[in-house]
Every structure is written in structure tokens, then in C-alpha cells.
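Work through the exercises below with the model open. Each task is followed by its solution.

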Amino acid sequence: MKIRKCSISLFAGLIASVVAISAAPAEQPSSRLDEIITRGSLRVGMTGDYKPFSYFDKTNDKFSGFDVDMAEALGKALGVKVEYVHTAWPQLMKDFEADKFDIAMGGVSITLDRQKKGYFSMPIMREGKTPITRCNDMAKYQTLDTIDQPGTRVITNPGGTNERFARAHIKHADIKVYGDNVTIFDEIAKGDADLMITDASETRYQQKLHPGVLCSVHPDKPFDFAEKAYWLQRDMALKAFVDQWLHIETEDGSFKKLMAAWFE
């Protein structure tokens with residue numbers, strides 16, 4: 001009888017333990033957003049070669065540009081400092097996969113390949129690819145057909161959406177891959193290349209930097225559709241925060257003010 005009572009007590013205790021464990025709240029894994037706040041810093045990946053979105057000055061090791069100002073505003077909203085990670089377009093995907101930064105900024109276009117690896121914020125800009133050439137040659141390069149002719153020299157920077165677009169649409173013209181995206185437009189200005197097909201926002205900016213020399217070709221009617229956004233490591237809490245921050249920046253006029261300062 002004593003053995004039976006002991007067995008019953010032991011079984012009851014075991015059931016109680018199981019119930020207690022089941023009832024205890026499961027420990028939730030921390031989100032990327034929590035990690036950033038706990039760490040006290042937001043790691044921002046930037047190429048630093050895409051004016052006016054981002055530019056890296058080797059003389060003082062500092063970034064500047066529209067998305068640098070946006071990154072600082074995001075860091076302030078998060079209550080953390082911003083830590084910039086220098087990357088490049090050909091290695092952007094590898095650095096993202098290696099978790100070298102929490103967010104990629106600096107004129108990043110939305111692509112499905114990138115979407116497979118992480119999340120994009122709400123779009124910050126809608127545009128597409130369009131040519132930039134010497135102003136005297138604008139009439140020659142209005143369409144892809146007139147561009148894609150033997151003898152035409154199309155220049156592009158390596159590893160990003162510009163080279164991908166050129167490879168997909170240029171079959172007869174010459175494609176020259178040029179490694180420095182900062183000085184690439186000087187190649188067109190001095191006659192060593194005829195044109196570059198890049199984002200409409202960049203053609204407008206370079207036209208502004210080279211008045212009367214380089215002209216953007218129909219930037220309001222680009223060859224394709226594209227959007228820019230901020231590329232985030234796969235964390236819904238972080239995406240929700242960035243989207244809400246962008247919404248507030250847009251509604252209170254802060255975003256428009258920064259856009260005017262860099263693009264107009």
C-alpha cells in the first residue's frame with residue numbers, strides 16, 4: 001500500500017512539473033532591433049562611390065551624402081551611434097550575407113535577388129535607367145536601338161544593376177567596364193566613352209556637376225522601372241521600425257528637405 005501511495009505521489013509530482021514547464025512563457029529570441037539598441041550602434045553598409053547618395057572621402061575617411069544624412073537621422077531615432085562599413089557594389093551581396101552590417105544604404109536599388117537575402121524598407125525613390133552623354137550627342141542616344149550600334153562606347157561600373165542592365169540590353173555596341181564610379185563620368189566628358197546608362201537620379205546629379213558638358217537623356221521617361229530603398233537584414237521588428245521612421249520623416253517634411261538639399 002505504501003509503495004502504491006509513493007508511486008501515485010511521484011506520478012502526481014511529475015505531472016505537476018510538466019504542467020509548470022508547459023505554462024512557463026518560452027524565452028523569445030532577441031530581434032535584430034533589440035541587438036542594435038543593446039549594442040548601441042547601427043552598422044550601415046555603404047559603397048561611398050555613388051553621389052549624391054554616398055561618397056567616401058579618402059583624405060579624412062568620412063562618408064557624406066543624402067543617405068549619410070538619412071543614416072544619421074535613423075541612428076538618432078534609434079538612440080544609437082552610426083557605424084559605417086565600407087563595401088563595394090561587386091561585394092555588396094557577400095558582405096550582406098556575412099552580416100557585416102545591419103542595413104545597406106547609399107542608393108541601393110530593389111532587386112529580387114537582394115529580396116531573397118533580406119528585407120527592403122518602403123521605397124524612398126521611384127526611377128529607372130536612362131542615358132547620360134555629352135550634351136551635343138543627346139539626339140543620338142534617345143533609344144536602346146540607337147545606342148546599341150557598332151562603334152558606340154557604353155561605359156559602366158562593375159557589379160551592380162548598371163552593368164546588369166548593360167549586359168542584358170547592349171549586344172552590338174562596345175561595353176567598357178570602368179572600376180571607379182566616382183570618376184567614370186569624366187571618361188564621357190573627355191570623350192573616352194560615349195555614354196553611361198544609370199539611374200535617372202544620378203544622371204540628373206551629374207548633369208548638375210557638369211553643366212553644359214554632360215546631359216541626362218529623358219530622365220523623366222527612363223527605359224525601365226526601378227525603386228530605391230534600404231536593404232535590411234531579415235528582421236521584421238527592424239523593418240517595422242525603419243518603415244515607421246520613414247513614414248514620419250516623409251510626413252513631417254524632413255525627407256523632402258534633405259532631398260531638396262542634395263538633388264535640387
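**Exercise 1. List the buried residues of α3, then check the helix length.**

Step 1. Buried in α3 are F66, D67, V68, M70, A71, L74, G75 and L78. Buried means under 20% relative accessible area, exposed over 50%, partly exposed in between, with a 1.4 Å probe and protein chains only. Helices (H or I, at least four residues) and strands (E, at least two) are DSSP runs, numbered from the N terminus.

Step 2. The expected span of a helix is 1.5 Å times one less than its number of residues.

Step 3. Look past the helix end: G79 follows α3 and has a positive phi, near 80°.

The model is predicted: local features need pLDDT of at least 70, side-chain atom pairs count only at pLDDT 80 or more, and totals for chains, interfaces and linings use all residues. Residues are numbered from 1 along each chain as its sequence is written, and side-chain values use heavy atoms, with hydrogens and water left out.

**Exercise 2. Find which residues of α10 are buried and what they pack against.**

Step 1. Check the span. Helix α10 covers residues 236–251, and its 16 residues should span 22 Å at 1.5 Å a residue; the end C-alpha atoms are 22 Å apart, so the two agree.

Step 2. Pick out the buried positions: L238, K239, V242, D243, W245, L246 and E249. Down the axis of α10 these fall within an arc of 160°, so they line one face of the helix. The arc is that of the directions from the helix axis to the C-beta atoms.

Step 3. Name the partners. The buried residues of α10 pack against α2 (32–39), α3 (66–78), β7 (119–120), β15 (231–232) and α11 (254–263). Contact means heavy atoms within 4.5 Å.

Step 4. Just after α10 comes G253, with a positive phi of about 90°.

**Exercise 3. Decide whether T133 is buried or exposed, and list its contacts.**

Step 1. Locate T133: strand β9, residues 129–134.

Step 2. T133 has 0% relative accessibility, so T133 counts as buried.

Step 3. Set aside neighbours within four places in sequence. T133 then touches M138, Y141, I188, D194, L195, V213, L214, C215 and V217.

**Exercise 4. Summarise the protein chain.**

Step 1. Count the secondary structure: 11 helices and 15 strands.

Step 2. Take the buried share. Of the 264 residues, 45% are buried.

Step 3. Residues 24 or more positions apart account for 73% of them.
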